[in-house]
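Hello,

Here is the structure I said I would pass on. My notes on it follow below.

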Amino acid sequence: MALRKVLGTETEYGITVRGQPDFNPAVASALVINAFPGERVRVQWSFEEESPGRDARGFGHEGYGVADPDSALVNAVLSNGARLYVDHAHPEYSGPECWDPLQGALYDKAGEVVMHVSAVEACRALPEGHEVRLYKNNSDGKGNSYGAHENYLLARDLPFGDVIRYATTFLVTRQVFTGSGKVGAENGRPSVDFQVTQRADFFEEEVGLETTLKRPIVNTRDEPHGDPGKYRRLHVIIGDANLSEVQTFLKLGSMALLLAALEDGALPEALELDDPVEACWKVSHDPTLSETLPLAEGGRATALELQFRYLEWIEKYVRSEMDEPVWDRVLEVWRGVLEDLEAEPMRTADRLDWVAKYRLLEGFRERDGLDWNAAKLKALDLQYHDVDPERGLYHRLVRRGAMQRLFTDEEILAAVGDPPERTRAYFRGRCVRDFPDSLIAANWDSLVFDIGESHLKRVPMMEPLRGDRDRVGPLLDSVADASELIEALGG
């Protein structure tokens with residue numbers, strides 16, 4: 001049986017400071033991270049077990065490591081198990097490890113609230129007339145792109161070559177339901193009025209280790225954040241930062257199911273594109289979804305046609321192998337979105353960011369007689385992603401009932417403070433809440449405590465599905481401080 005697809009998201013947010021055109025983004029990002037008013041512990045992120053240079057293909061970069069070591073000092077672990085820090089001059093929220101795609105989407109939404117309240121607090125430290133603005137998007141319109149990544153637990157014994165063969169076409173074609181939409185093109189791609197995704201123009205390789213230059217469709221970073229003898233972590237870097245709750249749920253759920261089916265040998269063939277990199281931006285540049293892509297074995301197919309084929313295979317797999325209602329819900333959403341996109345893409349404007357944005361911008365174009373290159377449209381494109389509920393166009397659609405939701409505001413707010421209960425994120429979050437003065441360093445698979453002895457105490461967390469509430473909740477409830485916790489864990 002396939003491993004449980006423990007998963008999570010990590011998002012770099014766009015940042016600007018109004019009234020300060022020459023602002024330093026790294027300094028502004030640090031101000032935002034340090035301003036978070038909720039339960040958190042400022043810690044040094046421990047890189048002892050991290051190996052960003054290890055390549056899943058069996059080699060790596062000598063000296064490859066943290067691109068900006070100073071930014072790692074601006075780092076907090078939250079009581080919900082997430083990490084909040086500065087990465088490449090952007091404030092980043094890395095969500096906790098989640099049990100399923102519904103929980104993953106919930107904690108991704110919690111990240112938006114974390115960022116918004118942090119920006120509000122950060123503004124208090126700025127001179128009058130200056131204001132921090134944060135955007136959950138992927139492009140600044142000036143040739144720079146920043147990431148919205150996904151992570152999935154994989155079995156170590158699954159050959160990575162199989163991941164490349166089976167996942168590449170899926171990742172390229174799923175853009176029809178993962179895009180958040182963008183006016184214009186970048187990175188030397190052909191001009192276009194409006195495209196499906198914000199990230200596609202920036203992918204230049206089929207397979208590779210990089211995440212910021214020559215971005216690959218399949219990232220090969222072999223950094224499992226767990227027992228390396230048992231696990232891999234598939235680090236997916238091709239995908240947009242989504243505001244739609246349904247869209248994030250579908251993005252995470254469909255990918256998790258594809259990987260589970262691959263581990264169980266349930267995919268009958270690898271659908272391979274003749275030129276995945278070219279297909280990547282061509283899918284994005286075609287909001288009509290009619291572009292046909294040449295296949296390696298001959299013939300052509302649209303992204304929608306290929307997605308329908310994946311869906312049919314995975315529906316059979318779920319019926320025979322998976323009995324949790326959440327997976328049936330993924331399939332229901334997946335089929336509904338594909339069928340509506342096939343019939344008339346505008347039908348999905350209540351579920352997909354790119355379609356909702358396209359409809360909004362078309363309305364402004366018709367009302368004001370604007371060309372697609374009008375500065376007003378580009379400003380509205382950006383405003384869609386503003387995390388401030390009073391300014392963001394997405395939030396206006398939500399208030400009008402024009403976007404489907406999966407969660408209440410109360411559920412999202414609870415996820416800002418409380419960790420998931422079925423993964424090791426529960427232990428991490430509870431330690432932040434219960435022992436903030438003793439927790440001094442952390443990473444995904446360990447915590448480091450100072451309990452007043454001559455040596456620091458490291459607690460390993462190599463199993464993503466241990467440290468859950470059932471296993472450690474009674475223990476955490478029974479100890480008075482970190483010293484008692486360490487003693488109870490065996491010293």
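This is a predicted model: local features need pLDDT of at least 70, side-chain atom pairs count only at pLDDT 80 or more; totals for chains, interfaces and linings use all residues.

Residues are numbered from 1 along each chain as its sequence is written, and side-chain values use heavy atoms, with hydrogens and water left out. Helices (H or I, at least four residues) and strands (E, at least two) are DSSP runs, numbered from the N terminus.

Leaving aside neighbours within four places in sequence, M255 is in contact (heavy atoms within 4.5 Å) with E150, Y152, A167, F170, L171, R174, L234 and V236.

Seven strands make an open antiparallel sheet in the order β3-β5-β6-β7-β1-β9-β14; two strands pair if DSSP finds at least two bridges between them. β3 (40-42) and β14 (231-236) are at the edges with a single partner strand each, so one side of each has no neighbour in the sheet. Within the sheet, β1 (residues 7-12) and β9 (residues 148-155) pair over five bridges, and G8 stands opposite N151 in β9.

Helix α2 (residues 101-123) lies across β1, β5 (75-78), β6 and β7, at about 145° to β7; axes are lines fitted to C-alpha atoms, for helices over the stretch in contact, and angles run from 0 to 180 degrees between N-to-C directions. M115 lies in α2 and, at 0% relative accessibility, counts as buried. M115 touches Y13, V32, L84, P91, E92, Y93 and L134, not counting residues up to four places away in sequence.

The whole structure has five cavities of 30 Å³ or more. A cavity is a set of points on a 1 Å grid over the protein atoms alone where a 1.4 Å probe fits but cannot get out, and lining residues have an atom within 4 Å of a point. Points are joined across faces, edges and corners, and a volume is the space filled by probe spheres set on them. The largest cavity holds about 60 Å³. Of its 13 lining residues, T9, T11, D108, A148 and K251 are the closest to its centre.

Regards

Definitions and conventions:
On a 1 Å grid over the protein atoms alone, a cavity is a set of points where a 1.4 Å probe fits but cannot get out, and a pocket is an open set with protein on both sides within 12 Å along at least five of seven lines; lining residues have an atom within 4 Å of a point. Buried means under 20% relative accessible area, exposed over 50%, partly exposed in between (1.4 Å probe, protein chains only).
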